[in-house]
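Subject: Structure handover

Hello,

Here is the structure I said I would pass on.

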Amino acid sequence: MDSIFDQINSILASVFFFDIFFGQVEGTSMPFIVAWLVVGGVFLTFRFGFINVRMFSHAFKIITGQYRTADDVGEITPFQSLTTALSATVGLGNIAGVAIAIAVGGPGATFWMILAGFFGMTLKFTEVTLAQIYREKRPDGRIMGGAMQYLSKGLASKGHAKLGKVLAVLFAILAIGGSLGAGNAFQTSQAMGVLTDRVPFFASYPIVFGLIMAAIVGFVIIGGIKRIASTAEKIVPLMVLIYLAASLWILVANASAVPTAIVTIFHEAFTPTAAVGGMIGVLVQGFKRAAFSSEAGIGSAAIVHSTASVKYPVRQGMVALYEPFIDTIVICTMTALVIVTTGVYDPSGEFANLVAAKQGAALTAAAYGTVISWFPVILSFSIILFAFSTMISWSYYGERSWTYLFGEKYTLVYKLIFIAFTVMASVTSASAMLEFSDLLILTMSLPNIIGLYILQGEVKANLNAYLAKWKNGELDREAIRK
């Protein structure tokens with residue numbers, strides 16, 4: 001299996017991850033796809049006048065149900081769509097990904113992760129708004145939405161039907177691959193890395209863990225988006241609260257080291273040690289892990305947000321602003337501070353073997369264990385929950401993409417393939433799985449952001465119309481008050 005993944009990784013890397021500096025910057029490289037995400041996020045943030053800051057408080061009111069109307073249409077609530085999307089992003093990207101970014105790029109990678117999260121908020125707003133504009137209600141009552149829809153239908157409305165179809169099909173193929181890799185196999189692999197330290201039985205019989213996870217995941221995903229959303233709505237807030245409470249506990253215990261850690265993060269963001277490849281190397285690590293964590297610009301979360309019950313497409317786009325904020329700016333920053341203050345990322349330290357093997361989840365568990373001796377047991381359970389929640393959400397992304405390509409009657413085929421990958425992932429290495437996940441999930445941004453560039457004028461028009469109604473009080477008048 002590792003050999004197969006290595007071959008796939010090599011092909012994808014040569015096509016989509018070539019160095020835009022062409023080797024002219026000694027000691028590091030800037031993959032095209034990472035630069036693509038950075039430029040897209042910055043451009044759209046300025047294009048929409050820093051919507052991620054201006055409408056932050058308004059978005060919270062939408063999430064809490066203050067702007068429900070009698071004309072809302074969809075399968076799930078805005079809050080359920082947010083928690084379902086967060087269940088796909090708040091997980092091992094925050095736990096394992098942050099540890100790997102710091103182990104590979106140094107503490108300075110944290111700064112670039114935060115900045116990527118900030119610009120990623122606007123990317124999420126844009127793609128989710130478009131997903132709402134171009135969603136389609138199928139005869140069976142289910143909604144088909146996401147990048148597949150706005151790439152095909154949106155670009156066709158601009159006179160680029162053939163280009164739109166090609167990009168939509170490419171996105172769907174990559175999303176299916178991403179769901180099986182980043183959204184499934186990587187989650188299982190990293191959860192295995194933590195659990196085997198606590199339960200030696202699974203170290204000897206890893207396939208047993210894979211079968212157990214496959215059975216639980218299968219039960220949920222067979223029920224479709226409503227069961228997935230209902231499950232996510234219950235476990236995501238609990239997971240986040242437990243994780244943040246533990247992080248705050250450790251930071252309070254290491255309070256004297258926190259100022260130094262913050263200074264180190266900012267200092268090494270611009271003047272990193274030579275070992276990590278200079279400033280560009282640290283920036284790349286930060287943005288790569290931020291993209292994997294929040295999925296901003298990838299287009300994946302737009303699939304579930306398209307099912308949200310709202311009247312105005314822009315309204316759900318504003319709800320989506322909170323994803324990168326919660327996921328990257330809050331949770332990833334907390335994880336990074338814990339790892340830096342405890343020093344577990346040192347490649348020559350006590351946990352050098354975990355750093356070398358890129359066992360990010362196990363490395364984070366070790367960081368928490370330095371202060372709360374019994375917490376790695378709780379964290380191990382949390383990591384399994386994080387992995388599970390990510391898997392059920394990504395199964396929906398992959399299933400909708402599969403359905404776009406092959407039709408509704410073949411959805412069960414995809415679900416069985418997804419479950420099979422869960423079992424296979426329990427017997428493959430974390431290193432090969434991590435690289436495969438990075439390549440697939442980041443490559444999804446190529447067709448997606450092309451669509452965002454072409455259709456951003458439509459988002460701007462919808463935003464201006466919404467803001468006009470908001471300012472004249474129309475939105476408040478039509479809201480259903482509890």
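The notes below go from the whole chain to single residues.

This is a predicted model, in which local features need pLDDT of at least 70 and side-chain atom pairs count only at pLDDT 80 or more, while totals for chains, interfaces and linings use all residues. Residues are numbered from 1 along each chain as its sequence is written, and side-chain values use heavy atoms, with hydrogens and water left out.

Overall

The protein has 24 helices and two strands; these are DSSP runs numbered from the N terminus, helices being H or I with at least four residues and strands E with at least two. Of its 482 residues, 62% are buried. Buried means under 20% relative accessible area, exposed means over 50%, and partly exposed lies in between (1.4 Å probe, protein chains only). Among contacts with a separation of 6 or more, 84% are between residues 24 or more positions apart, where contact means heavy atoms within 4.5 Å.

Core

The largest nonpolar core has 147 residues. Such a core is a set of buried Ala, Val, Leu, Ile, Met, Phe, Trp, Tyr and Cys residues joined through side-chain atoms within 4.5 Å. Phe125, Tyr150, Phe171, Met318, Ile339, Tyr397 and Leu463 touch the most other members. Apart from neighbours within four places in sequence, Met318 is in contact with Ile51, Met55, His58, Ala59, Ile62, Phe125, Leu463 and Tyr466.

Salt bridges

Side chains of opposite charge can pair when their charged atoms come close. There are three salt bridges in the structure, each a side-chain nitrogen of Lys or Arg within 4 Å of a carboxyl oxygen of Asp or Glu.

- Lys124 pairs with Glu323 at 2.6 Å, N to O. This bridge links distant parts of the chain, with Lys124 in helix α7 (residues 109-133) and Glu323 in helix α17, 199 residues apart. Both Lys124 and Glu323 are buried.
- Glu399 pairs with Arg400 at 2.8 Å, N to O. Glu399 has a relative accessible area of 2% and so is buried; Arg400, at 0%, is buried too.
- Glu408 also bridges to Arg400, with the closest N and O atoms 3.0 Å apart. Glu408 counts as partly exposed because its relative accessibility is 23%. Through shared partners, Glu399, Arg400 and Glu408 form one network.

Helix α13

Helix α13 (residues 258-270) has 13 residues and spans 19 Å from first C-alpha to last, close to the 18 Å expected at 1.5 Å a residue; the expected span is 1.5 Å times one less than the number of residues. Its buried residues include Val258, Ala261, Ile265, Glu268 and Ala269. Seen down the axis, the buried residues of α13 fall within an arc of 110°, so they line one face of the helix. The arc is taken from the directions from the helix axis to the C-beta atoms. Thr260 and Val263 are exposed on the face turned away from the buried side.

Two single residues

Thr342 belongs to helix α17 (residues 322-342). The Thr342 side chain reaches the backbone oxygen of Val338 at 2.7 Å. Not counting residues up to four places away in sequence, Thr342 touches Ile250, Asn254, Ala367 and Thr370.

Ser445 lies in helix α23 (residues 445-471) and is buried, with a relative accessible area of 0%. Ser445 and Ile33 are 412 residues apart along the chain, yet their C-alpha atoms are separated by 7.5 Å. Leaving aside neighbours within four places in sequence, Ser445 is in contact with Ile33, Trp36, Leu37, Gly297 and Ile298.

Regards

Definitions and conventions: Polar contact = N/O pair within 3.5 Å; in protein donor to acceptor, adjacent residues only side chain to side chain.
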